[in-house]
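Subject: A structure for you to explore

Hi there,

Here is the structure I promised to pass on to you.

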Amino acid sequence: MLGGLPTDATIKLTPSQMRTRSHGPATPPPEELAPLFPQLEILELLGCGGMGAVYKARQPKLNRFVALKIILGDAAADPHFAERFQREAQALAKLNHPNIVSVFDFGSVTQSSGLPLDQPGGLDHILYYFLMEFVDGANLRALMQSGEMKPEAALALIPSFCDALQYAHDEGVVHRDIKPENVLVDKKGRLKIADFGLAKLTGSDAHDHTLTRTGMYLGTPRYMAPEQVEKPETVDHRADIYSLGVVFYEMLTGELPMGRFDPPSKKVQVDVKLDDIVLRSLEKEPARRYQHASEIKTDVQGVTGKHLLCRHGRRGAQRTKVSHPSHASAAWRSSARFGLCLASSR
Ligand SMILES: Nc1ncnc2c1ncn2[C@@H]1O[C@H](COP(=O)(O)OP(=O)(O)OP(=O)(O)O)[C@@H](O)[C@H]1O
Ligand SMILES: [Mg+2]
């Protein structure tokens, strides 16, 4: 055990958790990618989603693990993709926050078909990739399925979740695909959001893109704000706030807020004040929703008690009184077991 998580809690999903690609090219095995990335040792496939696949790799020169994401499918076939890719990747690489997966590098490699050019499938094709920080932990989906995601642990994670969103929104970047698979928690309990802005890049909600023209989108509708489904071109940062609300509800209750759903306190034992926070994040009308992720953090901390100090990284810090002792001490116990910390604010 490390930091409360089993040591095998790297982001390895069971076959049922790992989505198989139902369209587009098959996910290449690590050995097939190896010649294309001679600077890396590609170790294993971590998983694949709608837009591509992610591999754990080692960068021997820097003696570190990295995550390699390759873009598969129709998106990269768009003639304007290269330009878009460059523009968006540069914007993403500027995001520098402890709760956002860092982008180290991006680019493209040419994959030779090995066939004569005049034969079907004989054209070489360009494979776009991102090299990212490797998060050694698990994503929220895996944590929820393993039963680790108790309400106390959820409440301990929400402030960092909000910090990451607020930072990106201040930088003018909207995630557009907030869902449990894109929220990672490392073995020390630190939350990191992956795939910032990539939905825009691959056109999951861009109305002018091939994928949408063919009626497919890569984001997960259950987590999308109503306006993102209906009028994707109008989406602003408040779409992420809605998706955060869906994930928050699911983290607390284990269920999705679909149809006529009960507030969290009716389903699990949590402070009734959390109901208002979750429901305000889930307002259908963007103007009635929280307008800033930072407000959610403030309100959640108002319920959990602001003065719990982080056990990790704040050695010698004194625990001060908490405003909701019973709730907070349960949170403390759970978060410590889970390797999480309830810090007042960064
Ligand atoms: N930087 C990373 N470090 C470790 N694991 C990662 C990293 N980025 C993604 N993963 C994991 O790799 C798996 C596949 O990610 P991928 O982004 O391809 O799919 P997804 O998030 O399920 O869907 P989508 O393509 O819509 O983002 C996920 O389980 C994710 O948790
Ligand atoms: Mg992803």
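**The whole chain**

Please keep in mind that this is a predicted model. The protein chain holds 12 helices and eight strands. Of its 346 residues, 46% are buried. If you take the contacts in the chain with a separation of 6 or more, 62% of them join residues 24 or more positions apart.

**Helix H4 and its two partners**

On the H4 side, the contact is made by Pro 151, Ala 154, Ile 158, Phe 161 and Leu 165. The H8 side brings Asp 240, Leu 244, Phe 248, Met 251 and Leu 252. Sorted by class, this contact has nine nonpolar residues, no polar ones and one charged.

The other partner of H4 to look at is H11. Here the axes come within 8 Å and cross at roughly 160 degrees, which makes H4 roughly antiparallel to H11. This time the crossing of H4 past H11 is left-handed. From H4, the residues that take part are Leu 155, Ile 158, Pro 159, Cys 162, Asp 163, Leu 165, Gln 166 and His 169. They meet Ala 293, Ser 294, Ile 296, Lys 297, Val 300, Gln 301 and Thr 304 in H11. The classes in this contact are eight nonpolar, five polar and two charged.

**Helix H10**

H11 (residues 293-304) also packs with H10 (residues 273-281), at an angle of about 165 degrees and with the axes 9 Å apart. That angle makes H10 roughly antiparallel to H11. H10 passes H11 in a left-handed crossing. Lys 273, Leu 274, Ile 277 and Ser 281 of H10 make the contact with Ile 296, Asp 299, Val 300 and Val 303 of H11. These residues divide into five nonpolar, one polar and two charged.

Which residues of H10 are buried? They are Leu 274, Ile 277, Val 278 and Ser 281. Their arc around the axis covers only 90 degrees, so they sit on the same side of H10. There is a general rule to remember here: an α-helix has 3.6 residues a turn, so residues three or four places apart point the same way. The buried residues of H10 pack against H8, H9 (264-267) and H11.

Pro 264 lies in helix H9. Buried or exposed: which is Pro 264? Pro 264 counts as buried because it has 26 C-beta neighbours inside 10 Å, and the cut-off for buried is 20 or more. Beyond its neighbours within four places in sequence, Pro 264 is in contact with Tyr 249, Leu 252, Thr 253, Val 270, Leu 274, Asp 275 and Val 278. The C-alpha atoms of Pro 264 and Phe 248 are separated by 9.6 Å, and these residues are 16 apart along the chain.

Gly 52 is in strand E2 (residues 52-59). Gly 52 is also buried, with 26 C-beta neighbours inside 10 Å. Leaving aside neighbours within four places in sequence, Gly 52 has contacts with Lys 69, Ile 70, Ile 71 and Leu 72.

Most residues other than glycine have a negative phi. Arg 176 is buried, with 26 other C-beta atoms within 10 Å.

Asp 195 has a positive phi as well, near 65 degrees. Asp 195 is found in the loop between strand E8 (191-193) and helix H5 (198-201). With 26 other C-beta atoms within 10 Å, Asp 195 is buried.

Enjoy exploring, and write back with any questions!

Best wishes

Methods. Residues are numbered from 1 along each chain as its sequence is written. Chains are lettered from A and ligands numbered from 1 in the order in which they are written. This is a predicted model: local features need pLDDT of at least 70, side-chain atom pairs count only at pLDDT 80 or more; totals for chains, interfaces and linings use all residues. Axes are lines fitted to C-alpha atoms, for helices over the stretch in contact, and angles run from 0 to 180 degrees between N-to-C directions. Helices (H or I, at least four residues) and strands (E, at least two) are DSSP runs, numbered from the N terminus. Angles under 35 degrees count as roughly parallel, over 145 as roughly antiparallel, 65 to 115 as roughly perpendicular and the rest as oblique. A crossing is left-handed if the near helix is turned anticlockwise from the far one by less than a right angle, and right-handed if clockwise. Two residues are in contact if their C-beta atoms, placed from the backbone, lie within 7 Å. Ala, Val, Leu, Ile, Met, Phe, Trp, Tyr, Cys and Pro count as nonpolar, Asp, Glu, Lys and Arg as charged, and the others, Gly among them, as polar. A residue is buried if 20 or more other C-beta atoms lie within 10 Å of its own, exposed if 12 or fewer, and partly exposed in between; C-beta atoms are placed from the backbone. The arc is that of the directions from the helix axis to the C-beta atoms.
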